[in-house]
Amino acid sequence: MEKFGAQGLQVVSVHCAFHKTDDQAADKVRAYVAEKKLAFPVGLDARKDGDDATSTLRLYKTEKLPLLVVIDKKGVVRFTADETADEEKATALIEQLMKEE
């Protein structure tokens with residue numbers, strides 16, 4: 001996806017830990033981002049009290065992670081895929097979307 005950066009593609013990650021685990025802690029997420037030298041923003045998803053699912057998981061109606069969501073320039077979800085995402089299909093769609101106004 002780095003090859004599209006010069007064309008305006010923005011990659012954003014949202015960390016969604018299942019259940020109430022220590023993995024949800026902001027300091028652990030920051031440490032992971034630093035360790036992996038991630039060059040894109042990584043948000044920490046919110047969870048309502050008593051709810052095992054995070055806001056993002058509820059919004060996209062999934063329990064599978066990682067989840068790839070491609071949103072076009074107008075904010076319309078154009079593609080979603082779970083951990084079995086087809087990289088070639090996603091890349092072709094992104095190439096098409098980068099040409100759109």
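**Exercise 1. Work out what covers the buried residues of helix 3.**

Step 1. Start with the cover itself: strand 3 and strand 4 are among the elements lying over the buried residues of helix 3. Helices here are DSSP runs of H or I with at least four residues, strands are E runs of at least two, and both are numbered from the N terminus. Contact means heavy atoms within 4.5 Å.

Step 2. Before going on, note that this is a predicted model, where local features need pLDDT of at least 70, side-chain atom pairs count only at pLDDT 80 or more, and totals for chains, interfaces and linings use all residues. Residues are numbered from 1 along each chain as its sequence is written, and side-chain values use heavy atoms, with hydrogens and water left out.

Step 3. List the buried residues: A90, T91, L93, I94, L97 and M98. They sit on the same side of helix 3, because they cover an arc of only 165° around the axis. That arc is taken from the directions from the helix axis to the C-beta atoms. Buried means under 20% relative accessible area, exposed over 50%, and partly exposed in between (1.4 Å probe, protein chains only).

Step 4. The general rule: an α-helix has 3.6 residues a turn, so residues three or four places apart point the same way.

**Exercise 2. Check the span of helix 3 against its expected value.**

Step 1. Helix 3 takes in residues 87-99, which is 13 residues.

**Exercise 3. Describe how strand 3 and strand 4 pair up.**

Step 1. Strand 3 (residues 68-71) and strand 4 (residues 77-81) run antiparallel and are joined by four bridges. For pairing, DSSP has to find at least two bridges between the strands.

Step 2. Pick out partners: V69 bridges to T80 in strand 4, while V70 stands opposite F79.

Step 3. Look at the turn of this hairpin: five residues lie between the strands, and G75 takes a positive phi near 90°.

**Exercise 4. Name the residues of the largest nonpolar core and say where they come from.**

Step 1. Such a core is a set of buried Ala, Val, Leu, Ile, Met, Phe, Trp, Tyr and Cys residues joined through side-chain atoms within 4.5 Å.

Step 2. The largest one has nine residues: F4, V70, F79, A81, A90, L93, I94, L97 and M98. Its largest share, five residues, comes from helix 3.

Step 3. Zoom in on M98: leaving aside neighbours within four places in sequence, M98 contacts F4, Q7, G8, L9 and K73.

**Exercise 5. Place A53 in the fold.**

Step 1. A53 lies in the loop between strand 2 (42-44) and helix 2 (55-59).

Step 2. With a relative accessible area of 25%, A53 is partly exposed.

Step 3. Not counting residues up to four places away in sequence, A53 touches R47 and R58. The C-alpha atoms of A53 and C16 are separated by 8.4 Å, though the two are 37 residues apart along the chain.

Technical notes:
The expected span of a helix is 1.5 Å times one less than its number of residues.
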